[in-house]
Structures are given as C-alpha cells and as structure tokens.
Amino acid sequence: MPVENRLAELLACARCDASPLQQRKDQYRCKACKTEFPLIGDIPWLFADPESSLGEWRNRLHFALQQLSHEAQRLKAELIAEDRRPLTRRRLEQQMSATETHRNMLRQIMTPIDVQSMHASYESHIAMRTRLPTDQGLNTYYANIHRDWVWGERENDASLAQIREVSSGNPALGDTLVLGAGACRLAYDLHMQLATERTVATDFNPLLLLIAGQVVLGEKLKLYEFPIAPKSLDDFALLRTLRAPDVVRDDFYLVLGDALRPSFVARSFDTVVTPWLIDIVSEDFPRFAARVSGLLKPGGRWINFGSLAFDHPERARRYSPEEVLVMVEEAGFGGLAVRQASIPYMCSPASRHGREETVFTFCATKEKEVDTPPRHKALPDWLVTTKEPVPLLPSFKTQALSTQIYSYIMSLIDGRRSIRDMAKILEQQKLMTKKEAVPAIKNFLTRMYDDSQKNAGF
Ligand SMILES: C[S@@+](CC[C@H](N)C(=O)[O-])C[C@H]1O[C@@H](n2cnc3c(N)ncnc32)[C@H](O)[C@@H]1O
C-alpha cells in the first residue's frame with residue numbers, strides 16, 4: 001500500500017464526516033459534500049471550512065509580520081538617540097537585526113499558507129460556526145518550538161516518561177492520534193520510542209506543524225528564540241538550530257485541523273493522546289471527553305498529559321482532577337491509571353524564566369460507547385442566523401455604558417485639554433460629577449497609556 005494511503009484510510013470529511021476522502025495530487029476531496037481540502041506544504045489542511053480557516057491564519061500571519069515590522073522600526077528609532085550607552089546600543093542593534101531576519105524567516109516558513117488565490121471569508125466561517133479562537137495567534141506557543149527541538153531534552157524526556165508509566169500495563173499504543181500536538185516533539189518521541197503503528201499528529205496552528213514537518217525529516221532549521229527573561233545581553237535574541245535526533249520512521253503523519261471538528265474516521269484509533277490540551281479547548285470537558293471516545297476503537301485508550309488549569313468564565317467549569325476523573329468514567333472509560341508528577345516546564349537555558357509544573361496524566365480504556373456529541377459550534381445561534389434577538393447579557397450592558405463614556409473621553413483628547421478640563425466637560429454634560437469624573441478619566445487614561453507601552457513582541 002502506498003504510504004499516503006495509510007493516512008488516507010484514517011481521514012474523514014471535517015465538514016460532513018463522510019469517508020473515505022478522495023486523494024488527489026495536491027488535495028483531498030470529499031465526494032459527498034464536494035469540499036476540497038488543500039495540502040499546505042504537504043500537510044493536509046482538513047478544516048471544516050478550508051478557505052476561511054486559511055484566510056484566518058493568513059490574517060494572523062500578516063498581523064505577526066506587521067508587529068515585527070513595527071518592532072524593528074521602534075528599535076531603530078530608539079537606536080537613533082545620541083545618548084545611548086555602548087552596551088544598550090549593542091543590544092538594540094542585535095535585537096533589530098534579529099527582528100528583521102526573523103520576519104523574513106517567518107514569512108519563508110509560512111509561504112505555503114500565503115496563497116493569494118484563496119479568499120478569506122469571515123462570513124463563511126460564521127455560517128459554518130468554525131471560527132478559530134481569537135486568543136490563538138501564530139506565536140501563542142512559539143516557545144514550544146525551541147523547547148521541542150533545541151534545548152528541552154529534560155522536559156521532553158520527563159513528558160515521555162509520564163506516558164510510558166501510565167501505559168506500562170500495555171505499552172503497544174497501535175494507531176495513535178495526538179490532538180493539539182503543537183511543535184510535535186511528544187508525537188515524534190511516541191512514534192520513535194514507544195510501540196505506535198501509525199502516528200497522526202494534529203494541530204490547528206500551521207506555524208508549528210510546518211516547522212515540525214521539516215524538522216522530523218532531518219532538516220536543520222534556523223529560527224530565533226526570544227527568551228522571556230534573557231539571562232544576559234546576548235540572550236535577547238538567539239539564533240537557534242532546530243533539529244530532531246533522527247529522521248522520523250515511516251507512518252508518522254501531520255494533519256492541520258481543529259480538534260473540535262476532527263477530520264478522522266470514527267472509532268479508528270487505538271490510542272488518542274491529549275497533551276496540554278483538555279483545559280485550553282473551549283468545549284466543556286464532558287463533551288470533549290465524549291468526542292475523544294468517538295475517535296477510539298472499542299478497547300482503545302485515551303492518554304491525557306499536561307496541566308489542569310481550566311480557565312472558563314463559569315466557575316462550575318473549572319474542574320478539579322477529581323471531577324475530571326469522574327467525567328472520564330461517565331464518558332464510557334474505565335481501568336484508569338493516574339499519575340501526578342512535577343516536571344520542568346519551559347526552562348530555556350537563556351531565560352531566567354521557567355517553572356516546575358505538576359502534570360496530570362491518566363490513561364483510560366474505552367469500555368462503553370457513548371453518544372457522539374453534535375458538531376462543535378464556535379458561535380451561538382443569534383450571531384449566525386441574524387434572526388434571533390441579541391441577548392442583553394449583563395456584560396454587554398456594562399460594556400455599552402462604559403464604551404459610550406470612553407469614546408466620549410477619547411473624543412476630548414486634542415493635545416491641549418488636561419484631565420481636569422475633560423472632567424469639567426463631563427460635568428457640564430451631566431455625565432458625572434466633577435468629583436467622580438477626575439478619577440474615572442485618570443483610570444481610563446492610565447489603562448490606555450499602559451496599553452500603548454506594552455510590548456507587542458513574542
Ligand atoms: C499548550 S499547547 C501544547 C502543545 C503540545 N501538545 C505540547 O505538549 O507541547 C496547546 C496546543 O493545542 C493547539 N490547539 C488548541 N486548541 C486546538 C484545537 N481546537 N484544535 C487543534 N489544536 C488546538 C494549540 O495550537 C497548541 O499547539
């Protein structure tokens with residue numbers, strides 16, 4: 001069987017779930033709904049709405065490139081000042097040069113998604129309810145790249161050791177799907193060091209997978225690291241070489257797509273691994289657990305690994321380990337093996353920043369089928385259909401009022417008026433008393449000022 005078909009038989013349409021997908025030279029195609037899924041740098045782009053998601057990631061790329069241009073300009077402007085100390089000048093020069101080079105490198109790596117012929121359609125995303133989370137930028141997990149392929153040996157080994165331990169009763173993982181695989185080191189280590197058959201590593205961030213795709217094939221890729229808390233003057237921007245210990249063996253595949261709209265045939269994996277994922281996806285955990293179950297064969301295993309720091313606005317959804325384990329059982333899993341261990345996390349040798357994290361690892365066996373959850377909807381009906389009333393959420397109410405006042409204050413900034421002058425106007429307009437207005441304007445302008453001083457970099 002040709003190598004590609006060993007992946008193709010696991011794939012299903014992310015839009016309508018039909019399978020198999022037709023495999024063509026430069027795309028996969030769903031015969032049922034006629035959706036065409038391009039290859040992006042040889043990696044199948046299996047989002048439910050391929051064009052819109054490409055548009056969204058392209059926008060994120062352009063935004064990141066713009067930020068880098070601004071950063072380089074800002075560094076240049078600061079360099080021009082005459083009274084810079086020689087060491088400061090040296091650091092700024094290094095940073096400016098690194099930022100400019102990094103911009104070109106990023107653009108180069110991302111060339112496959114910068115396809116001008118495809119048009120972003122925000123509307124179509126909305127209709128499909130597949131909009132990507134707005135807090136996920138291209139560089140959200142940039143540090144993972146260097147941890148995975150440059151300096152993270154201790155962390156990477158400790159991660160693999162956790163998985164080895166929870167699965168030690170039966171070390172043969174079989175066909176394995178890694179959801180939210182990031183820069184893919186764990187998926188690579190599982191494939192190279194544990195008994196997996198086919199390993200499919202999937203993520204929705206194209207930067208991470210495009211890099212992983214080159215590195216696992218033995219490429220030595222140069223990429224800047226920008227440590228959070230540089231240890232010395234020369235550690236602000238370091239040109240690193242990303243490399244894998246060995247060229248990956250056959251049957252290792254990358255797939256770009258959304259874990260909440262998985263593009264895989266139901267019940268086709270022996271193992272699903274969720275590393276550092278369950279607490280960051282927007283889907284409520286019980287539903288996500290049922291989704292994982294749907295991907296597993298009867299008797300298949302779910303291995304979870306990573307942090308447990310659910311950050312949902314609803315307190316009831318910020319689950320403890322105890323609640324998580326109950327919900328795993330409710331999703332039809334049994335035979336739970338659980339480990340909690342402290343491992344190093346993001347300890348770059350060039351940064352003072354880095355921490356220990358108590359990771360939560362479990363391995364659970366699928367004992368019962370549960371109902372497959374409906375397709376994930378990223379947006380509520382009133383935003384999609386446009387026919388239903390927009391709910392007057394308490395946060396909308398507060399925002400509406402403060403936005404009105406804030407925009408009025410903004411309109412008063414003319415480079416001449418002081419805070420007291422503005423307060424007088426707010427009082428004349430009967431929006432606030434002068435006593436209330438001065439601290440309110442001060443608070444608001446302090447936030448605006450803080451924002452203007454924030455670093456937009458990595
Ligand atoms: C905390 S990082 C962990 C990365 C990697 N698993 C590791 O252990 O280093 C979370 C990863 O999940 C990916 N991710 C988050 N939500 C996702 C989704 N809905 N579908 C696919 N990937 C997602 C992010 O792009 C990121 O790479």
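Q: Is Trp302 buried or exposed?
A: Buried means under 20% relative accessible area, exposed over 50%, and partly exposed in between (1.4 Å probe, protein chains only). Trp302 has a relative accessible area of 0%, so Trp302 is buried. This is a predicted model, where local features need pLDDT of at least 70, side-chain atom pairs count only at pLDDT 80 or more, and totals for chains, interfaces and linings use all residues. Residues are numbered from 1 along each chain as its sequence is written, and side-chain values use heavy atoms, leaving out hydrogens and water.

Q: How many aromatic pairs are found in the whole structure?
A: Rings of Phe, Tyr and Trp (its six-membered ring) pair if their centres lie within 6.5 Å; planes under 30 degrees apart count as stacked, over 60 as edge-to-face and the rest as tilted. The search finds 14 such pairs. In one of them, Trp302 and Phe333 are tilted, with 5.4 Å centre to centre and 55 degrees between the planes. Phe333 is buried too, at 3% relative accessible area.

Q: Which residues do ring pairs link into a cluster?
A: Among them are Trp302, Phe333, Phe285 and Tyr319.

Q: Which residue forms a salt bridge with Arg90?
A: A salt bridge is a side-chain nitrogen of Lys or Arg within 4 Å of a carboxyl oxygen of Asp or Glu. Arg90 meets Asp234, with the closest N and O atoms 3.0 Å apart.
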